[in-house]
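User: I have a model open and would like to learn how to read its features. Could you walk me through it step by step?

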Amino acid sequence: MTEDFKDLVVCELNEMASRVEDGTCKFYLDQQIIEQEPSSARREVLLALQNLQKSIEVKKTDVGSMISELNQEKELAEQAGQAKADFLSMISHEIRTPLNAIIGIGHILMNQSPREDQLTYIKSLRWSGETLLALINDVLDFNKIEAGKVEFESTPFNVLDSIQGVKESLIMKAHEQNNELVLRIQEGTPSLLIGDPTRLVQILNNLLSNAIKFTKKGCVRVDVDYNEISENQIEILVEVSDTGVGIAEDKIKEIFNHFSQADSRVNRQFGGTGLGLTITKQLVELQGGCISVESEEGVGSVFKFRLPFQIPEQSIIIENASSIRPNEDDIAGMKVLVVEDIAVNRLVVEKFLIDWGVEVDLAENGKEAIHMIIADRYDLVLMDLQMPVMDGFTASSEIRRLKRPKYQKLPIVALTAAAVGEIRQDVYDSGMTDIVTKPINPAELYKSLLKHGGTEVKHELKSELDTELTAQPGSESKAYTISEPTPLVLKKSEPLEEDQRIEDLLDFSYFHRLAGEDQDFFYRVVDMSADAFENFKIEYRNSFENMDFEELSKIRHKIVASLNNLKIVPLLELMEESKEIQKNEKIIDKSSILGHLENVEQITDRVLQGLRERHPMPA
């Protein structure tokens, strides 16, 4: 029995080891074997083994449960992260759309030879738009940095011009605080380097804006120096100092933490998200640089950062220097198709192009653009990405599938408010040629036109196109049909009381400022607005009758720029009401929906009447 007992114990111990390792064994020890053991001492050993078995089973179950819970939590965290990224991307697009108008119109008004008193307001308009854009970028950048998705450009640019540009953009803000703003650049600092101009401007703008914000009746200074690292690399050293409120010694270590500010009173007095310095530090370090701060409360602060840049080859320097002041004649006479669903965005782009001598046609969606491209000849297409009926990605892919060679070579430039790094691959995969970001920077737009459709490119393409055989009539036509849902019949409600005069309902001051002395342009904008409201009235009712709330969101998105331009407050309020109806569609009373529709249509009719009255029809 002794040998049998030993064998049993050894067997059980081996099985326990196997169970711990891979969980595949079966135990031989059971209650019957224990009860049949005559020796009490051996029985106690077997009982101890049995308890050990049970403990191993419990531990194994606990570990498996923990692993399962961790996997579930990991999946939930990934879903939450994706939901946050999707939400921020959507919010970014919605906010950047009106910002594009604000900043673009600022550029246009600056070129209309404004009076000195008007210039101050225009600069303030641009500064406000750019500041709001910077705030949006802060939130988006922080999210991308957290997700490890930040991408950096590597392009030749004039570093000193970028730094000077930041200083000039903040002069007005410095003067408002009664501050002196000084820029000192070390002699011999190279101007043209290879790096990311956008991130350099963002870093310096964050530091300089902070310095100005926390300084009153003092001095803010930017010192720029350089340090040669090797034949191909240089380090730019920037020091931003101020005579402002300073930072307490015990707060300096926390100043780069996210959502952190030197004092809770800072947010109440000066505002801000507490993200600017966090993002600045991470952007500097991700590019291989470093940043530090020295400060004394009541005396001021000094922020220093270093950033490495590549030194370009001589040929790049010569090429860049020759393109600093482009000649507008190089693109005059081009024919460009602008594909954009939002009227005010079309207006801004069209104004830039017309001023440069470019012939412009307009389309509101990708489907319309395809038919126009087949029917006419264009040197270049400016294509928005998010549009109803057919988006820019689909339209570009369809254009590239057309048979004639000219459609393969036609330059298609994407217009987007999205972060370029996130959509770049999708843009190029769909067949587009280049990207111009919104809000539209005139210099960037001009550069893209010159690159893809300037005089030399245009002559080259025309020569190739003239050698093509004429296509058979209708050979490139393709039916792009959208199935329309069957409308429901709704009852009408009582009409809305007319408690506001038409002349008080519409504010044309924005259109007058945009048009200046060009009355024809003013009438054209009014006509475009009337067309937009005609379509809105039809599409809005259809979307409600068919309970198509996805389409309803798109319709609201399209009309909101026109509502803001004309300051149509009642319709803006009704669009907010529309969002509430959409959120509560399952519980809201149908009569409320019908009343809402009647109110929207009655005000829209009055808007249309007012627009028609402002444009007298020719006799």
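Analyst: Happy to! The protein has 23 helices and twelve strands, where helices (H or I, at least four residues) and strands (E, at least two) are DSSP runs numbered from the N terminus. This is a predicted model, in which local features need pLDDT of at least 70 and side-chain atom pairs count only at pLDDT 80 or more, while totals for chains, interfaces and linings use all residues. Residues are numbered from 1 along each chain as its sequence is written, and side-chain values use heavy atoms, with hydrogens and water left out.

User: What percentage of the 619 residues is buried?

Analyst: Buried means under 20% relative accessible area, exposed over 50%, and partly exposed in between (1.4 Å probe, protein chains only). Here, 43% of the 619 residues are buried.

User: How do I read a nonpolar core, and which residues have the most contacts inside the largest one?

Analyst: A nonpolar core is a set of buried Ala, Val, Leu, Ile, Met, Phe, Trp, Tyr and Cys residues joined through side-chain atoms within 4.5 Å. The largest has 38 residues, and Leu208 and Phe305 have the most contacts inside it. Elements that give two or more residues to this core include helix H5 (159–169), helix H7 (197–213) and strand E7 (300–310). H7 gives the most, with seven residues. Apart from this core lies another, of 31 residues, among them Phe511 and Ile568.

User: How are two packed helices described?

Analyst: By the angle between their axes and the distance between the axes. Axes are lines fitted to C-alpha atoms, for helices over the stretch in contact, and angles run from 0 to 180 degrees between N-to-C directions. The axes of H5 and H7 come within 10 Å and cross at roughly 35°.

User: Which residues of H5 and H7 meet?

Analyst: Contact means heavy atoms within 4.5 Å. On the H5 side they include Val159, Ile163 and Lys167, meeting residues of H7 including Leu200, Leu204 and Leu208.

User: Is Lys335 buried or exposed, and which side chain does it join in a polar contact?

Analyst: Lys335, in strand E8 (residues 335–339), is buried because its relative accessible area is 15%. A polar contact is a pair of N or O atoms within 3.5 Å; within protein, one must be able to donate a hydrogen and the other to accept it, and residues adjacent in sequence count only if both atoms are side-chain atoms. The side chains of Lys335 and Asp376 are joined by such a contact, of 2.7 Å. Lys335 also touches Glu359 and Asp361, among others, not counting residues up to four places away in sequence.
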